[in-house]
Amino acid sequence: MTDSPVLWFDEIGMGDVPQVGGKNASLGELIQSLKAKGVRVPDGFATTADAYRRFLEANGIEGAMRSRISSYRSGDTSLRATGEAIRELFLDSEFPADISESIRSHYRELGERAGRDRLSVAVRSSATAEDLPDASFAGQQETFLNIAGERELLDACRRCYASLFTDRAISYREVKGFDHLDVALSIGVQRMVRSDVGASGVMFSIDTDSGFPRVAVVSAAWGLGETVVQGTINPDKYLVFKPLLAEPEFAPIIEKTLGSKARKMVYSRGGHARTKMVDTSDAERRAFVLADAEILALARWAVSVEEHYARPMDMEWARDGVTGELFMVQARPETVQSQKTGSRFTLHHLLETGTVLARGAAIGDSIAQGTACVIRSAADIENFRDGAILVTEMTDPDWVPIMKRAAGIVTDHGGPTSHAAIVSRELGVPAVVGTGNATTVLAEGLAVTISCAEGDEGRVYRGSLAFNTEDVDLGELPETRTKVMVNIASPAAAFQWWRLPADGVGLARMEFIISALIRVHPMALVHPERVTDPGDAEQIRALTGSYADPKDYFVDALALGIAKIAAPYHPRPVIVRLSDFKTNEYAHLIGGSAFEEPEENPMLGFRGASRYYDERYREGFALECAALKRVREQLGFGNIIVMIPFCRTPQEADRVLAVMAENGLVRGGNGLQVYMMCEIPSNVVLAEKFATRFDGFSIGSNDLTQLVLGVDRDSAQLASLFDERDEAVMAMISEAIRKAHAAGIKIGICGQGPSNHPEFAAFLVSEGIDSISLNPDSYLRTVPRIAAAEKQAAAR
């Protein structure tokens, strides 16, 4: 590196962090190393740390700065007065002539490269201690956008230097133990991307809440990206499964969540302000910011950047609204999840439920309690009570001093990549962001519990609810011959358990996705004209409004939900059970009453396999097949196995397999395996015949116990008789295992029996069952029991 006070980005790299800071060094590294991989970075230049120190020396202000800091530390002056006084020292100073001319000449050449006079640039700070692996200085200093002209540029550079001593920056360095005068500042001057008429956002190469490392998380909003970083709006969110990006035939987008995007930041014309906030149009609010091809392109960039740096990364991107081009505008290390170990973690369990007052994105995975302290303005932060739940519209770096004193944080606005989310993760404080209404519905002083331990949706409950914690060390788990899998229903909870060394998903219940996420009866989407209830019809229109065909709403939502469950376990098997609602449960879906007839005993009625080929549901079943086909063949999750529930006869199995084939799901085609729930006595009695039609069985012990013993499993009066350890039930299970193995197919069990009863687990192991699938929260205590049972069986 030369002695020049100003350097082009393509002259610097990560070895130059001491001179240009982490942010600018990273931009140079991206341009030098990743341009060949298609990663586009806007051109620009950086001033050096030496230039900063020469600025201090030439203006003789270092002594006054030390004096002000000393007074602050001794308590003689306030943080606000200290910061204001030091910033004034910078603003009253001038650049040495050679540094000033070097900035001007580089700016002129940058304009010539772009073919524009008075080129608009972004002026950003890059502290020499910034973005180190154990600290994130993101947002601690100022960024100045839409700067045009040499005089305006020099003024912005001076203000950039001054922003090294904002109140928030001083406070942050005090917390981190950095000496204020040891930290220098490099200024990055970068060609502006016209995202004001385009879009921008933030991207992580790791799931920032669960730490799941195999996804890229993209947030997107209209206009300039500061709205996403600051958390002033709720952006779109996309998740991409990184391992399948290498296969060009797949588009592994596993989540697309539409944000409200109520406002956007654009350039301001006239006056002192360079930017302004404006309302977005209805069309912008209803539309996704990014097309699928753009989501995938950004995710591929995230993979390239992560591979180059060999660590999870936090990135910012922008789309030029004039050219349509995507750009990477920043890249820095992710500083929270990447610091955690994979084998040790803590689980938080809510022991009771209550009234949910607000919902938003869950930040972290813990639970907190306290009284709500509602603060709407940074001017009132001195009113915060230590240990309270901070409730506010949004946060910025000025709020950090009280955020670290809060038991939990709840905001109206912002998404998983907003300032409130980033800082909460770093501080280890649970937060629920983007609720939309917290400052309205949470009264000052109200006792609340905030839970981020129930998946990616965070909830604020009324009152102080009981909870406990469990410390986990996966290194202590024994190995087992029996495959130990997990049961997953909620896509939101799938990432929560990715660290468990499970052998796959033994039961993914489709019903949860349909009832909790889709909410509409599939036949009501095929035949909306048959929905006569005006309220139901209006809800259906609201949910499907962005789709030309309402059926696509069902297929999209179901496919994404299944894919999100499958991702943490890929390429291990994920067994997805086709819908097994009873008629009364289907009727409770939106529009369901128009398609379901009352039954005296729904448990033994029109359910499972019998629905799939029947004209009353056949078209709805086609949507289930379309979603599964999409997940396997377009998204790339070939590890998904389809399972048919409640199949009464071999002839019924043939009819279902035929309908599946008509809808593109051919057993054996593209490696598709089809399993059957072994849960009816006829499944055991005729197991040899069923085994010729399926690739595996999964014992459903609840229905099998109910039908062998003639006990209604939902009857409280007969609860004492319902026991899968009954001699008759165990005999049926034993026979099913023997017949499956004789036929050469796999057989497992999904249920809580092995968790609740160690002797039942020992029985299954002794019978040679291939797999046991458990609820995730019982996995850790049951695996040692299975290992012990295997050891006992081997000793016999």
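User: What makes helix H1 (residues 17–34) short of the span of a straight helix?

Analyst: In this predicted model, H1 has 18 residues, and a straight helix of that length would reach 26 Å at 1.5 Å a residue. The end C-alpha atoms of H1 are only 18 Å apart. H1 also has a kink of about 80°, centred on Lys23.

User: How do you know that H1 is largely enclosed by the rest of the structure?

Analyst: A residue is called buried when its relative accessible area is under 20%. In H1, 15 of the 18 residues are buried, so the helix is largely enclosed.

User: Why is Asp43 called partly exposed, and where does it lie?

Analyst: Asp43 has a relative accessible area of 22%. Buried requires a value under 20% and exposed one over 50%, so a residue in between is partly exposed; Asp43 is therefore partly exposed. Its place is in the loop between H1 and strand E2 (44–47). Leaving aside neighbours within four places in sequence, Asp43 is in contact with Trp8, Phe9, Leu110, Arg113, Val189, Gln190 and Arg191.

User: Why is the pair of Glu150 and Arg108 called a salt bridge?

Analyst: The cut-off is 4 Å between a side-chain nitrogen of Lys or Arg and a carboxyl oxygen of Asp or Glu. The closest N and O atoms of Glu150 and Arg108 are 3.0 Å apart, so the pair meets the definition. Glu150 lies in helix H6 (residues 150–162) and Arg108 in helix H5 (residues 97–114), so the bridge ties together parts that are 42 residues apart in sequence. Glu150, at 24% relative accessibility, is partly exposed, and Arg108, at 35%, is partly exposed as well.

User: What makes Glu316 and Arg332 a salt bridge, and are they buried or exposed?

Analyst: Their closest N and O atoms are 2.9 Å apart, within the 4 Å cut-off, so the pair qualifies. Glu316 is in strand E12 (residues 313–319) and Arg332 in strand E13 (residues 326–333), so parts 16 residues apart in sequence are tied together. Both residues are buried.

User: Why is Lys739 called buried, whereas Glu735 is called partly exposed?

Analyst: The value for Lys739 is 9%, which is under 20%, so Lys739 counts as buried. Glu735, at 26%, falls between 20% and 50% and therefore counts as partly exposed. The two side chains meet in a salt bridge of 2.7 Å, N to O. Both residues lie in helix H26 (residues 727–742), four residues apart, about one turn of the helix.

User: Why is Lys582 said to have no salt bridge?

Analyst: The nearest side chain of opposite charge, Glu585, is 4.4 Å away. A salt bridge must be within 4 Å, so Lys582 has none, although Lys582 is buried. Lys582 touches Pro602, Met603, Arg607 and Arg713, not counting residues up to four places away in sequence.

User: Which residues have the most contacts inside the largest nonpolar core?

Analyst: They are Phe637, Ile644, Met660, Phe697 and Tyr779, in a core of 110 residues. Helix H18 (residues 550–566) gives the most to this core, with nine residues. Apart from it lies another core, of 41 residues, among them Ala51, Cys157, Ala162 and Leu164.

Methods. Residues numbered from 1 in each chain as written. Predicted model: local features only at pLDDT ≥ 70, side-chain atom pairs only at ≥ 80, totals over all residues. Heavy atoms only, no water. Helix = DSSP H or I, 4+ residues; strand = E, 2+ residues; numbered from the N terminus. Buried < 20%, exposed > 50% of the residue type's maximum accessible area, 1.4 Å probe, protein only. Core = buried A, V, L, I, M, F, W, Y, C linked by side-chain atoms within 4.5 Å. Lys, Arg positive; Asp, Glu negative; His and termini not counted. Contact = heavy atoms within 4.5 Å. Expected span 1.5 Å × (residues − 1). Bend = angle between axes of the 7 residues up to and from the residue.
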